Amino acid sequence: MKKASIILLSSVLLLGLLAGCGSNSKNEGGNTAGNTTNSSTNSGTNSNAEAGTYKDGVYFAKGEVDANSGWQSIMTLTVSGGKITDVEWNGISENAPVDKITYSKEGKYGMKAGGASSEWHEQAEALDKFLIEKQDPAAVTLDNEGKTDAVSGVSIHVGDFVNLAKAALDAGPVEVGPYKDGTYHAEGDAFGKTGWKDTVDIVVAAGKIVKANFSGVNEAGEDKKQAVKDGKYDIKAAGAQAGWDEEAAKAEQYLVENQDSSALKFNEEGKTDAISGVSISVQSFYDLANKALEQAK
């Protein structure tokens with residue numbers, strides 16, 4: 001009887017021990033899963049920043065054209081020592097001759113005029129600094145409207161900022177072009193026979209031409225492209241197949257695609273057969289593009 005009691009007691013103790021082990025195993029499994037989730041989340045933010053896991057180089061991404069505003073976001077990041085050291089969120093548009101930062105600094109974007117506490121370029125700069133500090137685009141949390149409360153003073157939509165930063169970092173470093181980033185302007189010395197002085201603006205990002213704007217200005221200060229839109233300069237009336245602004249856009253795109261403002265050959269009228277659909281004289285614009293890009297070297 002004593003022996004049977006000992007065996008029974010031992011069995012109870014063994015079952016209790018096994019139950020305890022099973023309980024601990026379940027709790028550890030839950031805690032481990034929780035820790036893994038937290039660790040994974042942190043490794044996407046702070047641990048990456050501390051470890052410096054990004055590959056050194058320049059990163060670049062370009063978004064889609066916004067159907068409402070006409071602006072197309074571009075993102076350039078620089079990584080050094082495994083960490084993001086420089087960020088520039090910017091934009092380009094067919095409706096603006098210069099980049100979005102420059103356009104905003106010139107007071108033409110009009111955030112404050114619309115009631116905002118600061119201009120677009122100031123809010124973009126705050127986001128740039130925030131990303132350098134946090135080292136992770138996911139730190140800029142978004143609400144349903146694509147805005148964020150994570151960065152003080154930022155009221156603009158920032159979905160493009162987050163998405164392009166992620167896309168650029170995921171894609172890896174790009175081959176940098178030969179030019180210094182920025183917007184560069186050049187214009188003719190005098191008004192031509194038509195009363196227009198040619199103007200060129202070039203936007204460079206990641207060392208490459210991302211936008212070219214060929215236009216002009218008359219003695220009244222009117223922009224040539226705007227004059228076309230207003231019906232004041234219509235080459236179609238003279239028999240051209242397309243408007244002056246349409247042909248200029250093709251010449252601009254050719255420069256962006258080929259990245260070389262000195263490769264084209266022109267006839268005595270300043271025209272070229274190299275660009276399909278362009279019958280206007282564009283030599284002066286390419287000469288001015290050369291002049292503008294000299295500032296970027």
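Which residues lie nearest the centre of the second largest pocket, and how many residues line it? I found 14 lining residues, with Asp66, Ser69, Lys100, Tyr109 and His157 nearest the centre.

Before going further I noted that this is a predicted model, in which local features need pLDDT of at least 70 and side-chain atom pairs count only at pLDDT 80 or more, while totals for chains, interfaces and linings use all residues. Residues are numbered from 1 along each chain as its sequence is written, and side-chain values use heavy atoms, with hydrogens and water left out.

**Pockets**

I took a pocket to be an open set of points on a 1 Å grid over the protein atoms alone, where a 1.4 Å probe fits and protein lies on both sides within 12 Å along at least five of seven lines; lining residues have an atom within 4 Å of a point. A volume is the space filled by probe spheres set on the points, and grid points are joined across faces, edges and corners.

The second largest pocket holds about 330 Å³ of space. I looked up which elements supply at least two residues of its lining, and these are β2 (71–80) and α5 (159–171); helices (H or I, at least four residues) and strands (E, at least two) are DSSP runs numbered from the N terminus. By class I noted seven nonpolar, four polar and three charged residues in this lining, where Ala, Val, Leu, Ile, Met, Phe, Trp, Tyr, Cys and Pro count as nonpolar, Asp, Glu, Lys and Arg as charged, and the others, Gly among them, as polar.

The largest pocket holds about 1,100 Å³ of space. I found that 38 residues line this pocket, and that Ser93, Glu94, Ala96, Lys211 and Asn213 are the closest to its centre. The lining of the largest pocket divides into 12 nonpolar, 13 polar and 13 charged residues, and β6 gives the most to it, with seven residues.

**The sheet with β5**

From β6 I turned to its sheet, which is open and has three strands in the order β4-β5-β6 with antiparallel pairing; two strands pair if DSSP finds at least two bridges between them. β4 and β6 stand at the edges with a single partner strand each, so one side of each is left without a neighbour in the sheet.

I noted six bridges between β4 and β5, with glycine 182 partnered by valine 204 of β5. Between β5 and β6 there are 10 bridges, and valine 203 has lysine 211 in β6 as its partner. These two strands form a hairpin with two residues between them, and alanine 206 in the turn has a positive phi of about 55°.

Seven bridges join β1 to β2, and valine 58 has threonine 78 in β2 as its bridge partner.
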